[in-house]
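Subject: Handing over the structure

Hi,

Here's the structure I promised to pass along. Have a look first, and then read on for what turned up.

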Amino acid sequence: MEAKELIKYFKSLGLEVHTTTKARGHHGFFLKNRIDISKNLPEYRKVPTLIHEFAHYIHSTLEPDMAKTGGSFEVLFKSSNSIIQTELLKVTNFVDDNSLCRKLEQHKKIIKEKIKEQENIIKKDYPKFMRSKRFKEFEKYIKKSDAKYLLKYDRIKLIRGFWKKDVKIYTIDTIEKDFIDMPKAFAAYIRLRSYQKKQARTSARINRSKKYYSKPTELFARFVEGIFIDKDYTASLAPETSKIFFKLLEEGYYKELSTLYRTYLHI
């Protein structure tokens with residue numbers, strides 16, 4: 001199956017298809033009867049991506065406001081069975097490895113270890129230190145130091161003087177050099193605070209990613225894509241959902257998707 005043949009079919013349905021854009025930084029996207037797939041996609045990813053975006057088109061004919069709401073299983077599968085989401089998440093993890101957030105989870109783990117390292121350094125001088133409590137000794141010290149700005153930013157540039165001749169640059173990596181009199185425990189606390197902010201940002205990214213991948217419209221699109229990639233394996237991951245899907249497909253519920261599978265993909 002070649003992308004050109006698929007694009008020809010999509011255009012015959014009145015869809016606008018673009019293959020020379022960056023697809024808004026994604027592999028592809030669907031919006032208002034227009035499908036874009038990134039010009040940077042390798043050849044082997046073009047057909048699966050086109051099928052994924054076509055699934056969004058089919059969904060939009062069933063649920064016009066799906067782009068805003070994220071869709072619903074009640075419309076997509078005429079069922080509210082909770083097992084559908086569980087099964088489709090398994091298919092999504094098979095189809096799109098990024099849905100597992102492995103890199104982000106690994107990054108979060110490394111940050112957690114660095115936080116613990118800094119905490120251990122602090123506790124050598126302040127055994128009763130707790131991250132959840134105020135570090136009063138540090139707070140007293142930091143008030144009179146330019147290092148207080150590093151609690152908010154990892155790199156700062158301070159400009160002082162009428163002619164702006166006094167310029168100082170401080171970074172989270174050069175604390176000991178920039179503040180030679182600062183106790184080691186205090187430098188560790190500043191770094192600990194920096195790592196905590198990074199941890200919060202990473203957790204937020206993971207949560208956003210999981211929220212995106214768990215939307216019914218995205219789960220449906222990756223399920224449709226999964227059937228193309230490996231029908232049998234997808235069915236083994238989502239037996240109940242597959243049973244419902246193919247029954248509705250046979251009944252013509254998914255409209256042109258039936259033609260796509262039978263005529264062009266021979267499924």
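Let's start with a charge on a ring: lysine 231 lies over the face of phenylalanine 246, at 5.0 Å from the ring centre. (A charge counts as over a ring if NZ of Lys or CZ of Arg is within 6 Å of the ring centre and within 35 degrees of the ring normal.)

Before going further, bear in mind that this is a predicted model, where local features need pLDDT of at least 70, side-chain atom pairs count only at pLDDT 80 or more, and totals for chains, interfaces and linings use all residues. Residues are numbered from 1 along each chain as its sequence is written, and side-chain values use heavy atoms, with hydrogens and water left out.

Phe246 also belongs to an aromatic cluster, together with Phe77, Phe220, Phe223, Phe245, Tyr253, Tyr254 and Tyr261. Rings of Phe, Tyr and Trp (its six-membered ring) pair if their centres lie within 6.5 Å; planes under 30 degrees apart are stacked, over 60 edge-to-face, and the rest tilted. That rule gives 27 aromatic pairs. One of them joins phenylalanine 135 and phenylalanine 186, edge-to-face, at 5.7 Å centre to centre and 80° between the planes. Phenylalanine 135 sits in the loop between α6 (102-125) and α7 (136-142) and phenylalanine 186 in helix α9 (residues 184-213), so this pair ties together parts 51 residues apart in sequence.

Now the nonpolar core, a set of buried Ala, Val, Leu, Ile, Met, Phe, Trp, Tyr and Cys residues joined through side-chain atoms within 4.5 Å. The largest one has 44 residues, and Phe10, Phe245, Tyr254 and Leu257 touch the most other members. Its largest share, eight residues, comes from α2. Setting aside neighbours within four places in sequence, phenylalanine 10 is in contact (heavy atoms within 4.5 Å) with Leu15, Val17, Ile35, Leu50, Phe54 and Leu260.

Last, two helices: α10 and α12 pack at about 85°, with axes 12 Å apart. Axes here are lines fitted to C-alpha atoms, for helices over the stretch in contact, and angles run from 0 to 180 degrees between N-to-C directions. Where do they meet? Phe220, Phe223, Val224 and Ile227 in α10 meet Thr241, Ser242, Phe245 and Phe246 in α12.

Cheers

Terms used: Helix = DSSP H or I, 4+ residues; strand = E, 2+ residues; numbered from the N terminus. Buried < 20%, exposed > 50% of the residue type's maximum accessible area, 1.4 Å probe, protein only.
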